[in-house]
Amino acid sequence: MNRLALPLLSAAAVALLLAGCSTAAPTNSEPVSGGTLVYASGDGEPTCLDPHVGGNYPQALVATQYLESLVSKNKDGEIIPWLATSWKEADDGLSWVFTLRDDVTFTDGTPLTWEAVAANIAHLQDPATASSTGYLALQKVTGVEKVDEHSAKVLLSAPDSALLDSLSQPWLAIESPTALKRSQEVNCESPVGTGPFEVTAWDRQQSITLERNKDYDSPPADAGHKGPAYLKKIVWRFLPDSASRYAALRAGTVDVIDNVQPDTIVAAEKDDTIDHLDAPRPGASNRIELNSGKAPFDDERVREAFIRSADVDDAVKSLFFGTAKRSYSALSSVEKLGYSDKSLFDYDQKAAATLLDEAGWTEKDAEGYRVKDGTRLELDFPVSTNQSIPAEQSLFEQIQATAKQAGFKVDLHPLDLSSWYGALAKNDYNLVSAPYTKVGPDVLRILYHSDGTIPAPSGYFANLAQLKDPKLDALLVQASETSDQDERAALYKQAQQIVLEGYYILPLYDQQNHFLYRADVKGIRALPTVSTPTFYDAWLDR
Amino acid sequence: MRRPRPLELIAAAVLLFLVLAALFPSLLAPGDPLAIHPAESFLAPSWAHPFGTDESGRGIYTRIVHGAGPSLVIGLSATAIGIGLALVLGLAAGLGPRWLDFGTTRFVEVLFAFPGLLLALLFIVIYGPGVVTSTIAVGLSTAPGYARIIRSQVLLVRRAPYLEAARVLGRGPAVRVFRTLLPNLAGSLFVLVTLGIGQSIVWASSLSYLGLGAVPPAAEWGAMLSAGRTYVASFWWMSFFPGLFIVLSAVSTTLIGRSLQNRVRSA
Amino acid sequence: MAGSIAAQPPVTTRTGGRARRWLPWLLLRTGGVLFVLWAVATITFFAIRLIPGDPAEAVLGGPGSQASEEALAQARREYGLDRPLILQYLGYLGRLLTGDLGRSYSLRAPVAEVIGENLGGTLLLALLSLAAAAVIALGLAAWSARGGKGASGVSSVLEIVGAAVPHFWLAISLILLFSTWLGWLPPVSVPGPAGLVLPVLTLAIPLAGFLGQVMRESILDAMASPFVLAARARGEGEGGVFWRHAARHAALPAIGLAGWAFGALISGAVVVESIFARPGLGRSLLAAVQLRDVPLVIGIVLVVALGYMLVTTLTDLADRLADPRLRRAGR
């Protein structure tokens with residue numbers, strides 16, 4: 001045994017060295033075709049894979065792989081061609097002509113023609129589809145006409161400067177008109193598009209299987225290559241527990257995860273095997289809206305006092321470990337036309353106290369909360385546990401604590417999504433944080449135009465700050481109709497100034513949208529439209 | 001009286017600590033469980049903070065001590081609801097006429113058909129999540145088990161001579177129940193309560209962990225677990241220590257309950 | 001939950017015993033099972049109507065469901081919510097008899113289909129965990145029988161601690177130990193046996209704790225009984241004595257607990273399947289509760305109740321077959 005030991009050991013050592021060397025081989029610089037990517041989402045599984053129905057972010061994430069829109073956006077915020085090669089607005093602004101690519105077919109063989117555009121817009125506007133996002137975006141569209149086989153004319157009731165932004169979103173993607181004729185149930189299970197992948201199987205509560213579209217060749221103008229995707233297959237799983245999700249990524253069981261918690265982002269930065277994609281969502285920033293429609297926030301001084309009493313900076317720093325940057329704007333930092341004003345949001349307890357005194361809240365009760373005419377300064381804050389990550393819920397707790405020093409009693413009510421919508425519909429809130437993702441500054445119209453206080457049939461309304469300012473309304477309407485880019489920018493700036501200076505909102509940070517992925521997955525990028533990752537250019541260096 | 005075994009002494013000491021924590025938390029942990037210190041968030045266990053700090057810089061040890069009261073109250077309430085309901089059912093079955101016995105036993109069987117968490121989940125899907133509903137839900141779920149035991153105890157005691165004697169002596173039924181029956185049941189009831197508290201704490205905190213019970217910022221163990229769950233990969237102490245105390249409560253109450261059971265049996 | 005105190009058989013007795021007497025017993029049992037199922041169905045029927053607010057909305061996800069008017073009207077038609085209560089009730093029972101458990105709004109599929117797809121996963125987990133728990137419990141019992149007072153004490157404590165540990169804490173600790181720190185096992189479910197180890201362990205350990213405690217007394221009694229003395233006198237080794245004689249006596253109360261164990265495993269599966277992302281009834285049930293998907297919750301509860309009744313009837317049958325004393329004394 002001993003005589004053989006040394007040569008055996010050295011042989012083993014050499015073998016190990018060689019094995020070690022081969023796994024540390026230099027990485028490929030050329031994309032490799034093939035392989036299966038496993039994506040694990042922390043969101044709930046969508047009930048319908050067709051983003052026309054409803055229209056939320058989890059749908060957008062998965063639909064980005066198999067559906068395409070008429071136009072896209074590049075990193076600089078410019079609209080670029082995708083399924084439409086060019087577009088022209090009429091002089092009176094009441095119609096747009098879109099010229100489509102003539103070489104595209106859907107995965108069911110139907111060719112892409114003007115009829116597809118018409119069918120999709122009709123589908124989105126049909127109440128039976130129950131589209132919320134797409135429907136709202138197309139409110140000014142009255143119809144679609146044929147110009148020629150590959151050109152469609154979209155008719156509007158009024159000029160719409162936000163139309164291109166809206167059409168770039170996955171919720172208005174173009175599906176096969178033949179497929180749209182099927183029942184909604186069937187179409188929800190396997191929507192048919194023109195994308196680099198197609199839905200081949202949906203094992204509910206298990207996974208969605210997407211496979212490469214062999215005939216694909218219609219990437220947006222800013223894509224990394226042409227022709228079919230590199231990946232052969234994508235398996236889309238749902239892992240709601242964030243700790244398990246991260247553990248699965250580290251173990252290599254999954255390749256990409258979303259809804260990444262701030263502490264794991266920091267941990268991943270120290271880990272060479274994991275990379276990070278930070279893709280803030282467009283639309284509104286993550287903010288707290290103050291209900292100016294009822295007491296005590298109908299008084300602007302009280303609103304400002306609350307905002308001055310909230311120490312957000314320290315909370316964001318400690319809870320997000322530097323992965324989230326404080327925002328002082330109503331809009332996401334990816335919006336070119338966003339306006340921000342830091343001076344309005346300084347943490348200043350003295351100023352808060354003075355304002356509350358001015359507003360008549362001069363007495364204090366035994367616990368230190370302010371009282372006026374026998375009423376305590378109490379604020380209801382329903383929190384949606386579905387939409388606010390734990391770090392954000394802790395942020396609200398910290399705001400609650402600093403607001404207490406000024407004399408505000410903030411009652412946090414963590415609620416499930418359904419009860420949360422119920423509380424909002426009943427006007428049972430003084431503070432609320434509701435995200436809204438949309439491409440373009442037109443989101444300000446949805447959120448702050450007084451029409452936004454009129455509830456939809458479901459009872460939901462988007463203008464949760466209950467801002468009703470005729471001057472703001474006029475600015476927003478004008479901005480949505482003008483096509484002069486400079487005028488548009490000036491109008492939106494004025495609008496945002498009104499919103500911020502009226503202390504109707506307390507901006508927190510961008511809508512966080514972080515992804516972690518194994519370092520051997522190359523070529524992932526986020527589409528600059530709604531910041532969903534696309535795996536068209538992705539390949540596995542394994 | 002047997003001399004208590006070392007394990008029972010340890011369990012009693014743990015229980016004593018928990019009761020002290022529930023009644024006089026500031027004695028054992030002078031800090032403020034709700035005060036926020038963002039600069040000290042997510043600190044690992046150290047001398048200053050024996051169990052580390054949470055996401056808002058609050059000491060976990062302080063919060064566990066101050067959370068003992070609410071957590072024990074939840075356990076007690078759920079057990080009280082369960083045993084209260086079980087007493088009604090068990091007494092009705094054991095003392096009443098045959099048809100009442102038949103009916104309540106069948107009813108208890110029906111409740112048994114909803115094993116464990118299922119009855120609690122059904123209750124929660126109807127009345128919504130929260131501390132109150134989850135406490136009631138846990139109480140309801142434990143009631144059938146206790147009812148069955150109380151019923152057999154009652155039936156045993158029913159044959160006992162002193163009950164017969166009381167009837168012969170002309171004491172009315174209510175007197176018989178309260179003066180003779182309940183005191184004799186007291187021993188087993190006490191054991192059940194002791195065993196039940198630990199179990200109820202475990203079930204209630206499980207519901208909180210699933211997001212259906214207590215929620216932050218309450219310094220209640222289940223809520224702390226729920227809050228710490230996202231950070232378990234990086235900051236394991238946030239979930240580990242509340243969980244540990246839940247286990248300690250359950251284990252010590254079970255050990256004490258068992259030794260009481262043995263004493264009652266041998267008495 | 002009630003298993004922390006060993007279940008006692010009912011004290012009422014009836015005569016019985018001969019083979020001919022099986023039939024009445026069987027009829028009575030079947031009647032009892034059907035009665036319980038009917039009662040469970042009735043309870044669940046009223047469950048929907050207990051929810052505050054419009055039951056049609058409740059079926060579709062609660063007050064904030066944002067259901068359209070058409071969807072609400074459809075739900076009312078499907079559940080007959082505008083008809084008199086008694087007709088609704090009869091309709092409900094009728095649908096149950098044909099296997100129509102309603103429609104899950106959150107999964108957009110018939111409840112029966114969802115249950116069918118998920119039943120296998122949970123059953124697999126439950127059976128494996130039961131087997132693992134039996135192995136662990138028997139192992140501990142064997143050790144304490146052989147090892148004397150020390151081993152007996154230690155295994156007793158292990159059993160009590162094991163039984164008291166909440167599933168989620170055990171799962172987190174096991175994942176931390178075996179996946180994050182040691183890297184031996186995957187933290188979430190993967191196809192293949194590796195993905196089953198941690199979930200099964202998480203379910204098996206508390207169950208083993210209970211089973212162990214229950215078996216402990218019977219085993220200790222059995223090891224001190226005359227026939228074991230006789231076996232030892234005949235020269236059988238300790239191992240043989242344990243496995244051939246004592247273990248069988250321990251098995252009896254354990255079989256009796258199988259019904260309860262089934263229930264405990266299903267409850268545990270709710271947590272375990274969610275943490276390990278394993279497909280199954282537990283995970284579906286939790287998701288359904290979180291989304292207030294009442295039809296799916298009720299469907300799963302009904303199916304589990306049915307299963308529970310089946311298991312308890314089978315174990316009672318096995319009990320009677322195994323223990324002649326029960327056959328003579330009857331129940």
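1. In helix 11 of chain C, the buried residues are C:Leu281, C:Gly282, C:Arg283, C:Ser284, C:Leu285, C:Leu286, C:Ala287, C:Ala288, C:Val289 and C:Gln290. A residue is called buried if 20 or more other C-beta atoms, placed from the backbone, lie within 10 Å of its own. This helix, residues 281-290, is thus mostly covered, with 10 of its 10 residues buried, and after helix 11 of chain C comes C:Arg292, whose phi is positive, near 55°. Helices (H or I, at least four residues) and strands (E, at least two) are DSSP runs, numbered from the N terminus.

2. The model is predicted, and local features need pLDDT of at least 70, side-chain atom pairs count only at pLDDT 80 or more, while totals for chains, interfaces and linings use all residues. Residues are numbered from 1 along each chain as its sequence is written, and chains are lettered from A and ligands numbered from 1 in the order in which they are written.

3. Helix 11 of chain C is also one of the elements that give two or more residues to the side of chain C that touches chain B, among them helix 1 (22-50) and helix 12 (294-322) of chain C. The contact takes 45 residues from chain C and 45 residues from chain B, where two residues are in contact if their C-beta atoms, placed from the backbone, lie within 7 Å. By class, the chain C side has 37 nonpolar, 7 polar and 1 charged residues; Ala, Val, Leu, Ile, Met, Phe, Trp, Tyr, Cys and Pro count as nonpolar, Asp, Glu, Lys and Arg as charged, and the others, Gly among them, as polar.

4. Chain B has 10 helices and 0 strands, and buried residues make up 54% of its 267 residues. Among contacts in chain B between residues at least 6 apart in sequence, 63% join residues at least 24 apart.

5. Within chain B, helix 5 (residues 117-127) and helix 6 (residues 131-158) pack at an angle of about 145°, with their axes 8 Å apart; axes are lines fitted to C-alpha atoms, for helices over the stretch in contact, and angles run from 0 to 180 degrees between N-to-C directions. The residues of this contact, including B:Phe123 of helix 5 and B:Leu140 of helix 6, divide into 9 nonpolar, 3 polar and no charged.

6. The contact of chain A with chain C takes 25 residues from chain A and 28 residues from chain C, and the largest share of the chain A side, 6 residues, comes from helix 14 of chain A.

Notes
Buried ≥ 20, exposed ≤ 12 C-beta atoms within 10 Å, placed from the backbone.
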